[in-house]
Amino acid sequence: EQDGDTLYYAGQRVDGNAIIKKKYKGTYYTMAEQKQFAGTYISGERNNLLPHNAWMGLRVETDTLKNGEVAIRLYMQQDGGEWEKILETIDDGVRFGKTPPITNAGLVGIRTDFMDISFDAFHVAAL
């Protein structure tokens, strides 16, 4: 069951890392992580490695495969350029806490932590 304690999320963090995580019954599992923006991030300080005064597009795709696994892909677009796939992972039900893939439909949303940002558009579509 997909709810506030069981979900997938993906995004770009202020430490410069793109991330895909799974939260299953309240426990988080990092599924994929990769440095996207250079620099040294020091936790607790007011530094931010994300580009300032620039538009960044993020797109997340989830796909339940025929074998019951779930593919999660994160794409980024910077300053209106081309979309680039920056992370991809498969939830096979074995890795990430031996928890089953999340295949039920549920809510979708946007979240930011500790930042003032603007949103230009938000779309949800079945593929």
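How many salt bridges does the structure hold? This predicted model holds nine salt bridges.

View 1. The strands follow the order 4-5-6, and their pairing is antiparallel. Strand 4 (56–64) and strand 6 (84–91) are at the edges. Each of these has a single partner strand, so one side of each has no neighbour in the sheet. From one strand to the next, the twist averages 15°.

**View 2. The pairing of strand 4 with strand 5.** Strand 5 covers residues 70–78 and runs antiparallel to strand 4. Nine bridges join the two strands. In one of the pairs, D63 has A71 of strand 5 as its bridge partner. Strands of a sheet pair through backbone hydrogen bonds, either parallel or antiparallel.

**View 3. The salt bridge between E61 and R73.** The closest N and O atoms of E61 and R73 are 3.3 Å apart. E61 has a relative accessible area of 17% and is buried. R73 is buried too, and its relative accessible area is 14%.

**View 4. A network of salt bridges.** E61 and R73 are also members of a network of salt bridges.

**View 5. The salt bridge between K22 and D91.** The side chains of K22 and D91 meet at 2.6 Å, taken from N to O. Because K22 lies in strand 2 and D91 in strand 6, the pair ties together parts that are 69 residues apart in sequence. Both K22 and D91 are buried.

**View 6. The salt bridge between K23 and D5.** Here the closest N and O atoms are 3.6 Å apart. K23 is in strand 2 (residues 17–24), whereas D5 is in the segment before strand 1 (7–12). The pair links distant parts of the chain, 18 residues apart. D5 has a relative accessible area of 42%, so D5 is partly exposed.

Technical notes
Residues numbered from 1 in each chain as written. Predicted model: local features only at pLDDT ≥ 70, side-chain atom pairs only at ≥ 80, totals over all residues. Heavy atoms only, no water. Pairing = 2+ DSSP bridges. Helix = DSSP H or I, 4+ residues; strand = E, 2+ residues; numbered from the N terminus. Axes fitted to C-alpha atoms, helices over the stretch in contact; angles between N-to-C directions. Salt bridge = Lys/Arg side-chain N within 4 Å of Asp/Glu carboxyl O. Buried < 20%, exposed > 50% of the residue type's maximum accessible area, 1.4 Å probe, protein only.
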